Amino acid sequence: MSNPKTMILGTGHAVPDKILSNADLEKMVDTSGRWIQERTGILERRVVEPGTPLSELAVLAGRRALEDAGVDPADVDLIIVGTVTGDMKFPATACFVQAALGASNAAAFDVSAACSGFIYGLQIADALMQNASYRRALVIGGDILTSMVDWEDRDTCILFGDGAGAAVLGPAKEGRGILSTSLRSDGSLAHLLYNPGCGSLNPPTEENVRKKIHTIRMEGREVFRHAVKNMTEILRQVLRQSDLEITDLDMLIPHQANLRIIEAVSKKFGLGSDKVYINVERFGNTSAASIPIALDEASKSGRLGAGDHVGVVAFGAGFAWAAGIIRL
Ligand code: UT7
């Protein structure tokens with residue numbers, strides 16, 4: 001294992017104030033609060049007012065992370081936003097974040113890796129900071145998946161919430177930092193979770209919009225199966241790369257898609273609930289935001305502190321999946 005070059009200097013997150021409970025969903029679609037809780041673990045999620053741009057949450061999360069890190073926006077060299085629900089097709093949401101934060105010296109771009117977007121961003125930032133002259137990076141994971149949900153599709157609309165989380169990266173010290181990361185993909189299974197609309201394949205014609213082509217399609221059971229298998233394998237891989245055992249981890253932060261997925265992965269490693277961060281009951285699946293929101297909550301509540309070893313692991317559309325081991 002090589003010495004880490006990049007460490008997390010601070011974290012932040014932002015979620016909308018508005019709560020959409022399971023009881024609210026019972027009034028919107030043919031479902032029951034009991035089914036949602038039993039099959040997903042979700043009790044409520046945070047949702048934006050329609051038309052709210054992702055950059056609004058991303059800027060708040062980013063600003064909070066910079067304050068936490070004590071880093072001036074002008075000292076940020078690089079801004080990466082992992083998202084599939086940016087403000088616009090172009091420019092990158094990272095550019096809106098750059099302008100709003102006054103990060104006048106930063107390069108800015110988005111990464112499209114769905115629920116794995118934050119860990120993808122983390123590895124890219126880590127690599128760029130080792131090989132280019134960047135000293136401070138802001139990595140944000142954020143999504144407003146409620147902007148592409150079909151509210152008449154009970155298979156998907158009960159799952160998602162909105163939010164953004166952020167981490168500021170800087171040069172590592174005292175053995176702390178990003179110890180290892182791994183990114184994987186399998187596009188041959190893209191049809192199991194995708195949004196076909198509004199890209200070059202299906203432009204937003206009246207007919208396409210009528211066919212709701214701009215909403216999420218998912219084969220939930222299949223996604224579930226692949227998620228458990230791939231999250232387990234990739235977590236084993238990054239542990240190996242870091243020369244660590246699962247028992248060396250102070251906490252595992254898995255992507256928060258479904259409590260049953262989290263429990264299945266935890267069980268494979270024999271991890272008790274005290275070692276696994278779970279907030280899916282309050283936020284639902286916030287896609288790229290779920291890991292940085294959890295990381296920030298765990299740090300601010302004192303469950304994680306300097307020197308702790310954290311595992312992060314995510315799986316989502318693409319399929320794209322990713323994991324990392326970080327010493328805080
Ligand atoms: O971020 C990464 C991407 N997403 C995921 O990781 C999601 C992975 N998948 C899942 O979390 C789960 O597969 C779901 C929560 C989406 C579904 O749970 P499931 O246990 O796999 O249910 P199912 O799709 O097998 O459906 C079981 C039954 C079906 O009824 P029948 O055909 O057995 O009569 C569904 O029609 O539950 C029914 N159902 C519902 N009932 C009430 C599906 N959605 C609902 C609902 N309310 N919202």
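In this predicted model, helix H3 (residues 54–69) lies across strands S1, S4, S6 and S7 (162–171). The helix runs at about 130° to S1. Helix H11 (residues 290–300) also lies across S1, together with S6 and S7. For H11, the angle to S1 is about 100°.

The strands under discussion belong to an open sheet of 5 strands. Their order is S1-S7-S6-S4-S5, and the pairing is mixed. Strand S1 (6–14) and strand S5 (107–111) stand at the edges. Each has a single partner strand, so one side of each is left without a neighbour in the sheet. From one strand to the next, the twist averages 20°. Within the sheet, strand S4 (residues 78–82) and strand S6 (residues 137–144) run parallel. They are joined by 5 bridges. Valine 81 has isoleucine 140, in S6, as its bridge partner.

The domain assignment divides the chain into domain 1 (6–174) and domain 2 (179–327). The C-alpha centres of the two domains lie 13 Å apart. Contact between them involves 47 residues of domain 1 and 49 residues of domain 2.

The size of an interface is often given as the accessible area lost when the parts come together. Between domain 1 and domain 2, the buried area is about 3,700 Å². Carbon and sulfur atoms give 62% of that area. On the domain 1 side, Cys115, Ile119 and Tyr120 lose the most area to domain 2. Together these residues account for 18% of what that side buries.

Aspartate 150 forms a salt bridge with lysine 212. The closest N and O atoms of that pair are 3.0 Å apart.

Several elements build the side of domain 1 that touches domain 2. At least two residues each come from S1, helix H2 (33–40), strand S3 (44–46), helix H5 (117–131), S6, helix H6 (154–157) and S7. The largest share, 6 residues, comes from H5.

Conventions: Residues are numbered from 1 along each chain as its sequence is written. This is a predicted model: local features need pLDDT of at least 70, side-chain atom pairs count only at pLDDT 80 or more; totals for chains, interfaces and linings use all residues. Side-chain values use heavy atoms; hydrogens and water are left out. Two strands pair if DSSP finds at least two bridges between them. Helices (H or I, at least four residues) and strands (E, at least two) are DSSP runs, numbered from the N terminus. Axes are lines fitted to C-alpha atoms, for helices over the stretch in contact, and angles run from 0 to 180 degrees between N-to-C directions. Contact means heavy atoms within 4.5 Å. Domain bounds come from an automatic or database domain assignment. Buried area is the accessible area (1.4 Å probe) that two parts lose on being put together, summed over both. A salt bridge is a side-chain nitrogen of Lys or Arg within 4 Å of a carboxyl oxygen of Asp or Glu.
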